[in-house]
Amino acid sequence: MGSTAPSNDAGTPPSGALTGLAERQAQLVATLVAGGPPPPGFAPAQLAATRAALLRKRAGEVTRHWPLLAAGLGARWSTTFADWAARRPTAGSLRDGWDLSRALHEQRALPPAAAEELAVREARLRYDGLRAPRPRRLPAVGRAGGAVAVQIAGRVRLLRPAPRPPTASTVDGDGVPDAAGSASWISD
């Protein structure tokens, strides 16, 4: 098999060829993981398919660390994650999920179970969005979407769960939440 790059007498490619190769590789990586423009010489359809596959894999990894976030979004998980991650290189699945949870919290779109998951993480770990999360040593409180968690002596407790919006099955005819769930079996 022959090399496509010219080589010098020692059999190694000249430094200019390595620089060009490194630039093309960087462009390819930027296209695949950060939404950069396709580099010349690559088929856009195949790049898009590869990029979509990498985003699905990345979403799966985030799901391992943030199961309640993924479950709370349900069928919207894949598209929500892909839209958020499309122009962001990964910082690791724990941090990707944390950053997405915070973004959804700011938009008031974080599901209640995911708010509880975020509150517990905020109480347990210190994360500034730049460096890797570190365990907290002092007592701490985490809050998200109405959920409150506290960490004391290394133990984290969810003090208040996030409020759940009433659903059609939990609200009776007068608009009052039906805590017993009797609306489903009582008829007028």
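Of the 188 residues of the protein chain, 30% count as buried, meaning under 20% relative accessible area with a 1.4 Å probe, protein chains only. The model is predicted, so local features need pLDDT of at least 70 and side-chain atom pairs pLDDT 80 or more, while totals for chains, interfaces and linings use all residues. Residues are numbered from 1 along each chain as its sequence is written, and side-chain values use heavy atoms, without hydrogens and water.

The protein chain holds six helices and five strands. These are DSSP runs, numbered from the N terminus: helices are H or I with at least four residues, strands E with at least two. From the N terminus on, the order is α-α-α-α-α-α-β-β-β-β-β.

Two helices pack against each other: α4 (residues 77-85) and α5 (residues 93-106). Their angle is about 95 degrees, and their axes lie 11 Å apart. Axes are lines fitted to C-alpha atoms, for helices over the stretch in contact, and angles run from 0 to 180 degrees between N-to-C directions. α4 and α5 are therefore roughly perpendicular, a label for angles of 65 to 115 degrees. In α4, Trp 77, Thr 80, Phe 81 and Trp 84 meet residues of α5, including Asp 96 and Leu 100. Contact here means heavy atoms within 4.5 Å.

Strands β3, β4 and β5 form an open antiparallel sheet, in that order. Pairing requires at least two DSSP bridges between two strands. β3 (140-144) and β5 (155-160) are the edges, each with a single partner strand, so one side of each lacks a neighbour in the sheet. β4 (residues 147-152) and β5 pair over five bridges. Ala 149 has Leu 158 in β5 as its bridge partner.

Definitions and conventions. Parallel < 35°, antiparallel > 145°, perpendicular 65-115°, else oblique. Buried < 20%, exposed > 50% of the residue type's maximum accessible area, 1.4 Å probe, protein only.
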